[in-house]
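Biologist: Let us go through this model term by term. I will ask what each label rests on.

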Amino acid sequence: MSPDLGLIVGSGLSALDLDVVGKEPVQTPFGAPSSQLLTVAIADHRLACIARHGVEHWIAPHRVNYRANVRALHEAGVRRLIGVNLVGAIAAGFEPGTLAAPEQLIDYTTGREASFGDGDDLETRHVDFTVPFDPILSGAIAAAAVDCGHSIRRGVYGVTQGPRLETAAEIDRLERDGCTMVGMTAMPEAVLARELGIEYAVLAVAVNHAAGRSPGAAPIHAEIEQSLTDGMARVTDVLSRLVPQFLSIRPKP
Ligand code: HPA
């Protein structure tokens, strides 16, 4: 039986050394998820996984069917979920290639389907979102990174709408708000997981300095190209360490 730990992986999928051992087309009441329901083998465990931006065709962050993705994983038995995301680094000294396990988020997205409960026939749920990422899962991610010898940042993830990158002034504003990193996909994924009672945390990798933050004014896309492979190799390391540890400490109830 598959464990109740699942994955949503985003950009950089091809750089992530995932062993896909199964694929199954699935549907949900909210439509089709971004990819087939993948089964990935990590350290002798088989985990349900969705590729957030699809496998064959690229789905932009604002077009992802987050509800279908989270619902499909829930139907597959996932109750603890790790979202792998790329982010831009805002905080001083936060270098591309570094991992992060954010503790908080600020949502700047607009117009995304952010609840399962907005249909006429569905109850509206005012879920408690004071702490958006599950502290135990998030802490386990951070601990696994340290065990692997990788430094990992905590902090606040500002979720922007995309698909464009931000202006320097927008990043200044995010920094004033307290954001230490910026990405486009943790929301509404995190709140949808919360609505379904799934414990959710993010393993992020910074692949660039956020707009206006590069000390040498390096072009953002050049930074991404340079840091993606090493960053994703660190993610692979952490997952290989985390999955067996986490499942042995907190086996399926
Ligand atoms: N901004 C938003 N999303 C991102 C970035 C960024 O700089 N880098 C990777 N994802």
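Modeller: Start with accessible area: it comes from the Shrake-Rupley method with a 1.4 Å probe. By that method the protein exposes about 11200 Å². Carbon and sulfur atoms supply 51% of this area. Keep in mind that the model is predicted.

Biologist: How many of the residues are buried?

Modeller: Buried residues make up 53% of the 253. As for contacts with a separation of 6 or more, 79% of them come from residues 24 or more positions apart.

Biologist: Why is His-150 called buried?

Modeller: The cut-off is under 20% relative accessible area. His-150 has 15%, so it is buried. It sits in the loop between helix 2 (135-147) and strand 8 (152-153). Leaving out residues up to four places away in sequence, His-150 touches Leu-99, Ala-145, Arg-234, Asp-237 and Val-238.

Biologist: What makes the pair of His-150 and Asp-237 a polar contact?

Modeller: The limit for the N or O atoms is 3.5 Å, and one must be able to donate a hydrogen and the other to accept it. The side chains of His-150 and Asp-237 are joined at 2.7 Å, so the pair falls within the limit.

Biologist: How do you know that strand 1 pairs with strand 5?

Modeller: Pairing takes at least two bridges. Strand 1 (residues 5-9) and strand 5 (residues 80-89) have five, so they pair, in the parallel sense. Leu-7 stands opposite Ile-82 there. Strand 4 (residues 45-51) also runs parallel to strand 1, with four bridges. In that pairing, Ile-8 stands opposite Ile-50.

Biologist: Which residues show that both faces of strand 1 are covered?

Modeller: In a regular strand the side chains alternate between the two faces of the sheet. On one side are Leu-5, Leu-7 and Val-9; on the other are Gly-6 and Ile-8. All of these are buried. That is five of the five residues in strand 1.

Biologist: Why is helix 1 described as largely enclosed?

Modeller: Seven of the ten residues of helix 1 (residues 66-75) are buried, so the rest of the structure largely encloses this helix. The buried ones are Tyr-66, Arg-67, Ala-68, Asn-69, Val-70, Ala-72 and Leu-73. They pack against strand 1, strand 3 (37-42), strand 4, strand 5 and helix 4 (189-195). After helix 1 comes Gly-77, with a positive phi near 100°.

Biologist: Which residues surround the ligand?

Modeller: Leu-86, Val-87, Gly-88, Leu-165, Glu-166, Val-182, Gly-183, Met-184, Val-207 and Asn-208.

Biologist: What distances from ligand nitrogen do Gly-88, Glu-166 and Asn-208 show?

Modeller: The cut-off for a polar contact is 3.5 Å. A backbone N or O atom of Gly-88 lies 3.3 Å from a ligand nitrogen. For a polar side-chain atom of Glu-166 the distance to a ligand nitrogen is 2.8 Å. For one of Asn-208 it is 2.7 Å. On its own the ligand has 260 Å² of accessible area, and the protein covers 92% of that.

Methods
Residues numbered from 1 in each chain as written. Predicted model: local features only at pLDDT ≥ 70, side-chain atom pairs only at ≥ 80, totals over all residues. Heavy atoms only, no water. Buried < 20%, exposed > 50% of the residue type's maximum accessible area, 1.4 Å probe, protein only. Helix = DSSP H or I, 4+ residues; strand = E, 2+ residues; numbered from the N terminus. Contact = heavy atoms within 4.5 Å. Near = heavy atom within 4 Å.
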